[in-house]
Amino acid sequence: METIKVMIADDHSMIREGIKQLLEFDGSIKVVAEASNGIECLERLEHYDPEVLLLDINMPKKNGIEVLRQMKEENSKIKVLILTVHNEMEYLTSAVEIGVDGYILKDSESAELKKAIRAVRDGDNYIQPNLIPALNSHLLNRDTDKDKIFSLTNRELEVLVQVANGMFNKEIATNLNISERTVKNHISNIFKKIDVSDRTQAAVFAIKNNIIKL
């Protein structure tokens with residue numbers, strides 16, 4: 001069996017050492033380089049050119065998501081398997097949208113980690129199976145939000161932005177050169193369309209869907 005060249009990027013040296021011992025135990029995988037932060041990771045990738053990068057998310061200087069994004073922007077051919085403690089959907093969906101090849105948690109068995117490494121090296125995607133239902137649900141909900149956004153008129157979007165920025169009805173009316181009564185009608189329609197019941201929930205919706213930036 002051909003030996004797979006792997007690089008480990010993790011800011012904890014003991015974790016890197018433990019992973020290295022697990023991976024190299026049967027001789028099918030060779031750890032060719034290690035990195036303790038995002039900048040070092042990007043520099044060593046160029047020098048060692050591994051087939052697969054095992055990438056932690058929490059790292060100094062550049063985190064794993066930032067490293068992944070830069071690699072994709074530079075059209076790197078190296079496969080990226082995120083190995084992390086984070087099972088939050090925000091991290092996973094960000095990684096998937098950027099184009100990660102695999103995502104696995106640190107509490108996985110070594111056999112599953114090796115399986116994931118082989119899968120991504122061979123051109124397949126590997127998301128840890130028990131994360132997939134929550135990922136699909138999260139993406140489905142995000143698509144629902146897109147439908148809600150598309151249902152808003154341009155004027156309603158303008159009003160939502162003002163609401164999310166903490167403006168009162170009178171200020172919105174002045175800013176958009178419309179009556180307060182019209183503002184109230186717009187807000188009522190917005191709440192129905194995006195399925196919220198107050199201004200705070202509307203603001204959260206706007207932030208979550210990048211309608212406004214914090």
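**Note on the predicted model**

1. Charge comes first. The protein carries 28 positive and 34 negative side chains, and the centres of these two sets are 5 Å apart. The structure discussed here is a predicted model.

2. Next, the overall make-up. The secondary structure consists of 10 helices and six strands. The radius of gyration is 23 Å, whereas the globule rule gives 17 Å for 214 residues, so the protein is more spread out than a compact globule. The box filled by the C-alpha atoms, taken along the principal axes, is roughly 75 × 30 × 30 Å.

3. Surface and burial can be read together. The accessible surface of the protein comes to about 12,000 Å². Carbon and sulfur atoms account for 49% of that surface. Of the 214 residues, 42% count as buried.

4. A word on contacts along the chain. Take the contacts in the protein with a separation of 6 or more: 62% of them are between residues 24 or more positions apart.

5. The sheet deserves a careful look. In what order do the six strands of the open sheet stand? The order is β2-β1-β3-β4-β5-β6, and the pairing is parallel. The edge strands are β2 (29–35) and β6 (126–127), each of which pairs on one side only.

6. Two of the pairings can be followed residue by residue. Strand β1 (residues 4–9) and strand β3 (residues 52–55) run parallel and are joined by four bridges. M7 has L53 in β3 as its bridge partner. Strand β4 (residues 79–84) is likewise joined to β5 by four bridges, and these strands run parallel. Here L83 stands opposite I104 in β5.

7. Are the faces of strand β5 (residues 102–105) covered or open? Both are covered. G102 and I104 are buried on one side, and Y103 and L105 are buried on the other.

8. L81 lies in strand β4 and is buried, with a relative accessible area of 0%. Leaving out residues up to four places away in sequence, L81 touches V52, L53, L54 and L55, as well as G102, Y103 and I104. The list for L81 also includes L113, A116, I117, V120 and Y126. For a distance along the model, compare L81 with R142: these residues are 61 apart along the chain, and their C-alpha atoms are separated by 24 Å.

9. T84 is another residue of strand β4. Why does T84 count as buried? Its relative accessible area is 0%, so T84 falls under the 20% cut-off for a buried residue. Y103, I104 and L105 are among the buried residues of strand β5.

10. T93 is found in helix α4 (residues 89–98). T93 has a relative accessible area of 3% and is therefore buried, since the cut-off is under 20%. Which residues is T93 in contact with, leaving aside neighbours within four places in sequence? They are L135, H138 and L139.

Conventions. Residues numbered from 1 in each chain as written. Predicted model: local features only at pLDDT ≥ 70, side-chain atom pairs only at ≥ 80, totals over all residues. Heavy atoms only, no water. Helix = DSSP H or I, 4+ residues; strand = E, 2+ residues; numbered from the N terminus. Rg over C-alpha atoms; globule rule 2.2 N^0.38 Å. Buried < 20%, exposed > 50% of the residue type's maximum accessible area, 1.4 Å probe, protein only. Contact = heavy atoms within 4.5 Å. Areas by Shrake-Rupley, 256 points an atom, 1.4 Å probe, with all protein chains shown as cover. Lys, Arg positive; Asp, Glu negative; His and termini not counted. Charge placed at Lys NZ, Arg CZ, Asp CG, Glu CD. Pairing = 2+ DSSP bridges.
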